[in-house]
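Reader: Can you walk me through this one? I'd like to start with the packing.

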Amino acid sequence: MLKGQICIVRHVIGTDLNTFIALVNDLPSRGDHFSTHFKSPETLRREFLQHGFVTDDSELFVIEDSLHHVIGVITHFKSRTPTTREIGYRLFEPKLAGRGYMTEACQLLVDYLFNVHQYQRLELLTAPENKASVRVAQKCGFTAEGLLRQSFFINGRFQDVGIFSLLRPEWAERRL
């Protein structure tokens, strides 16, 4: 469990499962920047029972507010090289945007990944027009590297995605 000032980042537990499945599969809450692809409740239950959403390739966490409500998810997963991980996140309630939950959750995960693992590089991919997500990347010290043209298929069309990175030495420098 990773504890911050305003949120907790932790693994999914059995008592979360029904709420988690409902929130993850709530298509209207995905907005314009997330795929409408989702997994069946049965598939999610099976994955939870098999590995608790934690494998060598990925690790999924829920984000909990101070009242212990699940308000979002954050994950890290295998990227192009063994020393790189990609981070993805989603806030379930748009009304909670701008309160710092995702920035704190992302910073907690970044610290965890660099403190516990030997990763050299972390990446975030986000739609350039997703200003809130771009701001999270910037606040957490990530550097914009460029644009991956038409690399996401969301809401029936191919969309560009911005790539941001944070290197271990940059993270260490920010901690001084």
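Author: One term before we start: contact means heavy atoms within 4.5 Å. Also, this is a predicted model.

Reader: Fine. Which residues does Val110 touch, leaving out those up to four places away in sequence?

Author: Val110 touches Ile87, Leu122, Phe142, Leu166 and Trp171.

Reader: How many residues are in the largest nonpolar core?

Author: That core has 31 residues. Those with the most contacts inside it are Ile74, Ile87, Cys106, Val110 and Phe142.

Reader: Which elements supply at least two residues each?

Author: The strands are β3 (58-64), β4 (70-78), β5 (84-91), β6 (121-126) and β8 (157-167). The helices are α3 (101-116) and α4 (131-139).

Reader: And which gives the most?

Author: Helix α3, with nine residues.

Reader: What about the second core, what does it include?

Author: It is separate and has 14 residues. Leu17, Val24, Leu44 and Val73 are among them.

Reader: On to α1. Which of its residues are buried?

Author: Helix α1 covers residues 17-24, and its buried residues are Leu17, Phe20, Ile21, Leu23 and Val24. Seen down the helix axis, they fall within an arc of 165 degrees, so they line one face of α1.

Reader: Why would residues three or four places apart point the same way?

Author: An α-helix has 3.6 residues a turn, so residues at that spacing point the same way.

Reader: What is exposed on the other side of α1?

Author: Asn18 and Ala22 are exposed there.

Reader: And what covers the buried residues of α1?

Author: The cover includes helix α2 (41-51), along with β3, β4 and β5.

Reader: Switching topic. Where is Ser133, and is it buried or exposed?

Author: Ser133 sits in helix α4. Its relative accessibility is 8%, under the 20% cut-off, so Ser133 counts as buried.

Reader: What does the Ser133 side chain pair with in a polar contact?

Author: The side chain of Tyr89, at 2.8 Å. Setting aside neighbours within four places in sequence, Ser133 is in contact with Tyr89 and Thr126.

Key:
Residues numbered from 1 in each chain as written. Predicted model: local features only at pLDDT ≥ 70, side-chain atom pairs only at ≥ 80, totals over all residues. Heavy atoms only, no water. Core = buried A, V, L, I, M, F, W, Y, C linked by side-chain atoms within 4.5 Å. Buried < 20%, exposed > 50% of the residue type's maximum accessible area, 1.4 Å probe, protein only. Helix = DSSP H or I, 4+ residues; strand = E, 2+ residues; numbered from the N terminus. Polar contact = N/O pair within 3.5 Å; in protein donor to acceptor, adjacent residues only side chain to side chain. Arc of directions from axis to C-beta.
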